[in-house]
Amino acid sequence: GYRIGSVYAAAIAERLARWQPPPRGILFDPQFASSKLLSRELHKEISSISSLLSDDEIERAGKLAAEIAESEHGDIATAAAMVAGIYWEFSSIAYDRAGIGDGYCSKFFAPFESYISLISMADQIDPVSVWKRSIAIMSSSYTNPPDSSPLADARDIIGHSIPFDVSHSDLLRSDSVAQAVLDLLEGNRCR
């Protein structure tokens, strides 16, 4: 499982354990669903269209994203709906301003909405028991996240972790990570 996909990997492992010994998962920078994660994803999407927004619009979107991150939503689904609404509002402005309108806005909104739904649904799965017996392959971004990071919530739950001096964005393309995964799959110890 990679990032929020690690939650879904735990659900699959639990199902497999119904008819075979529980599998030990390999997780890549695992993280829980949270309002911080939703806020961070919103911020990234707003940043990607920022050249089409005014400074005031960027500031307002940033404040809305920060409010979501700082709130302690017990209901991630509600926070996800808020994030989707905020993104729709600002992406509509951006794409209208670029002259490509609703058709393109809908085209680009659908993948974001799908990802936000994936995060929201992950909140309904408890991965802790599987994560405790799993191995986490961790990027340098993951091993030392600030306490406010969505990554900080998950790192202490993992049964065993293997840190790598690669960025989060390079984790799945690193030759050393690929070799470690091969070693794990072959039953060898990782160095």
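Leaving aside residues up to four places away in sequence, E57 touches F90, I93 and R97. This glutamate, E57, sits in helix α3 of a predicted model. Is E57 buried or exposed? With a relative accessible area of 16%, E57 counts as buried, because the cut-off for that class is under 20%.

The secondary structure consists of 8 helices and 3 strands, and their order along the sequence is α-β-α-α-α-α-α-β-α-β-α. The chain has 191 residues, and 41% of them count as buried. Its accessible surface comes to about 10,200 Å², with 53% of that area belonging to carbon and sulfur atoms.

Helix α4 covers residues 76–97, and its axis lies 10 Å from that of α3, at an angle of about 170°. The two helices are therefore roughly antiparallel to each other, since angles over 145 degrees fall in that class. On the α3 side, the contact is made by E57, R60, A61, L64 and I68; on the α4 side, by A79, M82, V83, I86, E89, F90, I93 and R97. Sorted by class, these residues comprise 9 nonpolar and 4 charged ones, with no polar residue.

From α2, the residues taking part are S35, K36, S39, L42 and I46, while α3 supplies A61, A65, A66, I68 and A69. By class, the contact of α2 with α3 holds 7 nonpolar, 2 polar and 1 charged residues.

What about α2 and α4? Their axes are 10 Å apart and form an angle of about 10°, so these two helices are roughly parallel to each other. Helix α2 contributes S35, L38, L42, E45 and I46 to this contact, and α4 contributes I76, A79, A80, V83, I86, Y87 and F90. The residues divide into 10 nonpolar, 1 polar and 1 charged.

Most residues other than glycine have a negative phi. Which values do R3 and D29 take? For R3, phi is near 50°, a positive value in a residue that is not glycine. R3 lies in the segment before α1, which spans residues 5–16, and with a relative accessible area of 11% R3 is buried. D29, also not a glycine, has a positive phi of about 45°. The loop between β1 (residues 26–28) and α2 is where D29 is found, and at 0% relative accessibility D29 counts as buried.

Terms used. Residues numbered from 1 in each chain as written. Predicted model: local features only at pLDDT ≥ 70, side-chain atom pairs only at ≥ 80, totals over all residues. Heavy atoms only, no water. Helix = DSSP H or I, 4+ residues; strand = E, 2+ residues; numbered from the N terminus. Buried < 20%, exposed > 50% of the residue type's maximum accessible area, 1.4 Å probe, protein only. Areas by Shrake-Rupley, 256 points an atom, 1.4 Å probe, with all protein chains shown as cover. Contact = heavy atoms within 4.5 Å. Nonpolar A, V, L, I, M, F, W, Y, C, P; charged D, E, K, R; others polar. Axes fitted to C-alpha atoms, helices over the stretch in contact; angles between N-to-C directions. Parallel < 35°, antiparallel > 145°, perpendicular 65-115°, else oblique.
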